[in-house]
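Reader: I would like a close look at the aromatic rings in this model. Please describe how they pair and what surrounds them, and then turn to a helix contact elsewhere in the chain.

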Amino acid sequence: MLFDTHVHLNADQFEDDMEEVIDRAKQAGVDYMVVVGFDRVTIPKAISIAESHENIYAAVGWHPVDAIDMTEDDLKWIEELAAHPKVVAIGEMGLDYHWDKSPKEIQKEVFRKQIALAKKVKLPIIIHNREATEDIVEILQEENAQEVGGIMHCFSSTPEIAEQCLEMNFYISLGGPVTFKNAKEPKEVAKVVPINKLLIETDCPYLAPHPYRGKRNEPAYVKLVAEKIAELKEMSLEELEEHTTKNAKKLFGIN
Ligand SMILES: [Zn+2]
């Protein structure tokens, strides 16, 4: 039994064949997923997919790349949606310094506001970090994000940073890059992070694992991520699946 903690089945790439993709995931043993919405278009889609599928849940937040577009109304809307029975987390949120659509200061402000919101509604947060590790860690500390904890999504920093995140009550989630031949750090992270703090994800349609690198990713491929981590941790696939699924259910409050 696998739990893909980060999917974008609400992306245009799945518009034509989403149900087939979900069926393939089930056949691969992926019983649970969280669909992540991050703006006015993807959030309602995430909720509607969660409403119409038994073991699919939703996360709602505002993406840092579009931080400049977020209004107070958007924030209020996200807060209202947090009460939905299938919404299990706030996010994705964070900082993305790769793209410059939203100035850093605005990204930081929107990030801080969403952490405060999550603390108010008592839901864990999903963190998106691109080229902004130092500022992410600083803001999580300053805003006492530890109170709600959450997920460092598609973690790509060092084992030392992973350690800092664990201390702040965060889980480390690994995706496709752990299977890439030239990816050293995710492999080191997979080895050192305790099994009770690890999660797996695809981030589909992005970041497909080897041997599908560069193609459209889908939840069924989370099994390839699980297999690679099991190999790195020298444990059976069954054991890895059992722990990561249990971790995700605990974090998201799913029985
Ligand atoms: Zn994502």
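Author: Rings of Phe, Tyr and Trp, the last by its six-membered ring, are taken as a pair if their centres lie within 6.5 Å. By this rule, the predicted model holds 3 aromatic pairs. One of them joins Phe-3 and Tyr-32: the ring centres are 5.4 Å apart and the planes meet at 15 degrees, so the pair is stacked, since planes under 30 degrees apart count as such. Together with Phe-252, Phe-3 and Tyr-32 make up one aromatic cluster.

Other rings face a charge. Lys-86 is placed over the face of Tyr-57, 4.8 Å from the ring centre. Over the ring of Tyr-171 sits the charged end of Lys-197, at 4.6 Å from the centre.

Helix α2 (residues 42-51) packs with helix α3 (residues 72-81) at an angle of about 10 degrees, and their axes are 12 Å apart. Because angles under 35 degrees count as roughly parallel, α2 is roughly parallel to α3. On the α2 side, Ile-43, Pro-44 and Ile-47 provide the contact, and they meet Trp-77, Ile-78 and Leu-81 of α3. By class, this contact of α2 with α3 comprises 6 nonpolar residues, with no polar and no charged ones.

Definitions and conventions
Residues are numbered from 1 along each chain as its sequence is written. This is a predicted model: local features need pLDDT of at least 70, side-chain atom pairs count only at pLDDT 80 or more; totals for chains, interfaces and linings use all residues. Side-chain values use heavy atoms; hydrogens and water are left out. Axes are lines fitted to C-alpha atoms, for helices over the stretch in contact, and angles run from 0 to 180 degrees between N-to-C directions. Helices (H or I, at least four residues) and strands (E, at least two) are DSSP runs, numbered from the N terminus. Angles under 35 degrees count as roughly parallel, over 145 as roughly antiparallel, 65 to 115 as roughly perpendicular and the rest as oblique. Contact means heavy atoms within 4.5 Å. Ala, Val, Leu, Ile, Met, Phe, Trp, Tyr, Cys and Pro count as nonpolar, Asp, Glu, Lys and Arg as charged, and the others, Gly among them, as polar. Rings of Phe, Tyr and Trp (its six-membered ring) pair if their centres lie within 6.5 Å; planes under 30 degrees apart count as stacked, over 60 as edge-to-face and the rest as tilted. A charge sits over a ring if NZ of Lys or CZ of Arg is within 6 Å of the ring centre and within 35 degrees of the ring normal.
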